[in-house]
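Please look through the structure shown here. Some questions and answers on its strands and salt bridges follow.

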Amino acid sequence: MTMQALEGVRVLDFTHVLAGPIATYHLALQGAEVIKLESATGDTMRHYGGQTHVDGVSPSFASVNAGKRSIVLDLKDPKDSETVRQLVAQSDVVVENFRPGVMDRLGFGYEACQALRPDLVYCSISGFGQTGSLRGNPAIDQIIQSMSGLMTLSGEPGSPSMRVGFPIVDTFTGVLAAHAITTALLRRERTGQGEYLDVAMLDAAMNMMISVAGPCLAGGVRPRKQGNLGYSNSPTADTFETGDGEITLGVVRQEQFEQLAAALGREDLLSDPRFADRGGRQRHAAALREEVTASLSRHGALEWEAIFAAQGVAASAVRDLPTALAHPHLDGRALKLDNALPDGTPIQVLGPGYIARHSGVRPPGRPPRLGEHQAEVLAQMGERAAR
């Protein structure tokens, strides 16, 4: 295996719960040494939501903390604070996701840490950012989904606001923070200068919605709920009932509609003047949907998926998450990496979500027990200081 991009980079990780740990997990996947600094009770995710856990490692914790090393230090204790200062001086990156001002009060804000390591890359992750009128407000994923407008985009027209079914803002914020940190490290490589990064969940949510927030900002285009109907508003870019399960079609252009008609065995749809062109299909959307649904009732969603694939029609059966994760297509994509709980129980964790041909993906080490690497990290600190 060739060298990974972040090998030799040390990350001091003050983060907890989700957005911050996701950021540092992506850094660990790229070869960074991530030291997770925890309180005596540990990250809340170690015992998250009543999930079964092994040695304080729940499935949720394992998913975003594999490959990290855990130490326990009390930032309010003078002796431990001195140890943290030594760690900062020996680190390339510091990541924290406390409320704005907390790290300053503890003596480990950016200016204090930069004094210890002038070329430090320091990333603060928060709900609303380090500046602005909302900087001190508490935030969780669902609050940001609500404030950002995200909750008004999903569902059928006229339906109540609904959050996305997983913490999408936390997730994207973590990925965005990892991108920002990597970019800052590249800049440091070229200039020798460190960086301070202010990553806010609200900003990240807006950035994530660029396909709708961009046109709204640039041209006043107001997005509306349209259920499962595709962005094209084509009536055959939607989700349909079949004889067994649901299937989503992505049929927009004329040649795609012709392929659909052939796959359904409904060439008569092509000669129907109501459906002759895209405008007609939109004007008679309800009638066309009725015809397509009637045809789809002959087979189940998985059967139709195979038929459509053979005909070049974009389509997918609607799957639940466990079924989707078990799809054989994902094997060999470096998406699912073998791992283990502290007691040796085998598990899988997610990889970076892309393939790097020349550096590959190195499976991360297992998720740590609380404070597991205390002696090891402290010993290494002494070795580094002696160099």
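Two strands pair if DSSP finds at least two bridges between them. The model is predicted.

Q: How many bridges join strand β4 to β5, and which residue in β5 does E96 stand opposite?
A: Strand β4 covers residues 93–96 and runs parallel to β5. Four bridges join the two strands. Within this pairing, E96 stands opposite S124.

Q: Which residue in β6 is the bridge partner of S126?
A: Strand β6 spans residues 195–200 and runs parallel to β5, with six bridges joining the two. The bridge partner of S126 in β6 is A200.

Q: How many residues of strand β5 are buried?
A: V121, C123 and I125 point one way from β5, while Y122, S124 and S126 point the other way. Residues on both sides are buried. Strand β5 is therefore largely enclosed by the rest of the structure, the number of its buried residues being six of six.

Q: Is V164 buried or exposed?
A: V164 lies in the loop between α6 and α7. V164 touches Q145 and L150, not counting residues up to four places away in sequence. Buried means under 20% relative accessible area. V164 has 18% relative accessibility, so it counts as buried.

Q: How far apart in space are V164 and L153, C-alpha to C-alpha?
A: In sequence, V164 and L153 are eleven residues apart. In space, the C-alpha to C-alpha distance between V164 and L153 is 9.5 Å.

Q: Which residues are linked with E33 in a network of salt bridges?
A: E33 forms a salt bridge with R69, and their closest N and O atoms are 2.2 Å apart. This pair links distant parts of the chain, with E33 in strand β2 and R69 in strand β3, 36 residues apart. In the network, E33 is linked with R10, R69 and E376.

Q: Which parts does the salt bridge of R117 and D92 tie together, and how many residues apart are they in sequence?
A: The side chains of R117 and D92 meet at 3.1 Å, N to O. R117 lies in the loop between α5 and β5 and D92 in the loop between α3 and β4, so the pair ties together parts whose separation in sequence is 25 residues.

Q: Is D119 buried or partly exposed?
A: D119 forms a salt bridge with R188, with the closest N and O atoms 3.7 Å apart. D119 is in the loop between α5 and β5, and R188 is in helix α7, 69 residues apart. R188 counts as buried at 13% relative accessibility. D119 has a relative accessible area of 22%, so it is partly exposed.

Definitions and conventions
Residues numbered from 1 in each chain as written. Predicted model: local features only at pLDDT ≥ 70, side-chain atom pairs only at ≥ 80, totals over all residues. Heavy atoms only, no water. Buried < 20%, exposed > 50% of the residue type's maximum accessible area, 1.4 Å probe, protein only. Contact = heavy atoms within 4.5 Å. Salt bridge = Lys/Arg side-chain N within 4 Å of Asp/Glu carboxyl O.
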